[in-house]
Amino acid sequence: MKMQPPADLDAVRASYDAVADNYVDMVGDPGPWPRSALDAFAEEVRGIGPVLDAGCGPGWISDYLHHKGVDIWGIDLSPRMIEHARQQYPAVSFEVASVTELDPEAGSLGGVLGWWSWFNLPRNYLPDVIATMARALRPGGQLIIGTHRGAGDHPRSRCYGDVPVEWTTHLYEPEELTTLLIAAGLEIVVDIRLPPLPPSQSPQLIVAAQRPPTA
Ligand SMILES: C[S@@+](CC[C@H](N)C(=O)[O-])C[C@H]1O[C@@H](n2cnc3c(N)ncnc32)[C@H](O)[C@@H]1O
């Protein structure tokens, strides 16, 4: 389903353009538990169909999964993030887009990642984004979401090396995400609750869900 652009989309795009150069220098190894979730996701989905990294930033996770044999492409709201991704990982295809304007064909994808990239969506957009991506999954295909765990909506004014930004970080408890995923017709595969992963100070969360294999 195509959605109206969120009211703050231009501000969020400009903010990620502004932090992109610093962000590239700050990301590295995702750490053992997130890495193990990515490895399991790769193993589960690589034989099922193409995978969309929806909010890929500078593309390092797309590239990681590409090297695990996943047929993956990335999209991101920020043109500067996509410039970095294309420059660093020419073997993977990247496009500038908002996840809110995507409408992938039903049953066309093996997997979708919202890997720390959907927490800026206004809270009322997340159910439709999840439903759109869930509908696009083939049987057995998986949607994996990594995000900041907690309650409330936190406006941010400086981030990633004290760069001025204008966005809101919406925190989610695991049950809020699993409820949305189940409402979209998916089965929960795993729910991993993590402590803060620097540079973030909030606890973290990874939830994966699948379209039932026989559906
Ligand atoms: C914290 S970064 C994470 C990037 C990448 N997934 C990673 O793990 O490094 C958040 C990313 O989400 C992107 N983003 C935010 N809102 C988006 C939207 N509506 N559509 C697509 N990407 C979005 C930002 O541009 C930014 O690159």
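Which residues does Val-19 touch, not counting residues up to four places away in sequence? In this predicted model, where local features need pLDDT of at least 70 and side-chain atom pairs count only at pLDDT 80 or more, totals for chains, interfaces and linings use all residues. Residues are numbered from 1 along each chain as its sequence is written. With residues up to four places away in sequence left out, Val-19 touches Cys-159, Tyr-160, Val-163 and Val-165, contact being assigned where two C-beta atoms, placed from the backbone, lie within 7 Å. Val-19 belongs to helix 1 (residues 9-26), helices (H or I, at least four residues) and strands (E, at least two) being DSSP runs numbered from the N terminus. Val-19 is buried, with 23 other C-beta atoms within 10 Å; a residue counts as buried if 20 or more other C-beta atoms lie within 10 Å of its own, as exposed if 12 or fewer do, and as partly exposed in between. Between Val-19 and Asp-39 there are 20 residues in sequence and 28 Å in space, C-alpha to C-alpha.

Tyr-160, one of the residues touched by Val-19, lies in the loop between strand 6 (153-159) and strand 7 (163-170). Its phi is positive, about 45°, although Tyr-160 is not a glycine, and Tyr-160 counts as buried because it has 20 C-beta neighbours inside 10 Å. A positive phi of about 50° is likewise found at Trp-116, which is not a glycine. Trp-116 is located in the loop between strand 4 and helix 5, and it is buried, with 22 other C-beta atoms within 10 Å. Most residues other than glycine have a negative phi.

Strand 4 (residues 109-115) and strand 5 (residues 137-148) run parallel and are joined by six bridges, two strands being paired if DSSP finds at least two bridges between them. Within this pairing, Val-112 has Leu-143 of strand 5 as its bridge partner. The chain passes from strand 4 through helix 5 (residues 126-136) to strand 5 in a right-handed β-α-β crossover, a term that applies if, with the strands pointing away from the viewer, the path from the first strand over the helix to the second runs clockwise. Strand 5 is also joined to strand 9 (residues 204-210), by seven bridges and in antiparallel orientation; here the bridge partner of Gly-146 is Ile-206 in strand 9.

The largest nonpolar core holds 59 residues, of which Val-51, Val-112, Ile-130, Leu-143, Ile-144, Leu-181 and Val-207 touch the most other members; such a core is a set of buried Ala, Val, Leu, Ile, Met, Phe, Trp, Tyr and Cys residues joined through C-beta atoms within 7 Å. Helix 5 gives the most to this core, with six residues. Beyond four places in sequence, the contacts of Val-207 include Ile-145, Leu-177, Ile-188 and Asp-191. Asp-191, in strand 8 (residues 187-194), is partly exposed, with 15 other C-beta atoms within 10 Å, and its contacts, leaving aside neighbours within four places in sequence, are Pro-174, Thr-178 and Val-207.

Around the ligand there are 19 residues, of which Tyr-16, Gly-55, Gly-57, Leu-77 and Ser-117 come nearest, a residue being near if its C-beta atom, placed from the backbone, lies within 6 Å of the molecule. This shell divides into eleven nonpolar, seven polar and one charged residue, where Ala, Val, Leu, Ile, Met, Phe, Trp, Tyr, Cys and Pro count as nonpolar, Asp, Glu, Lys and Arg as charged, and the others, Gly among them, as polar.
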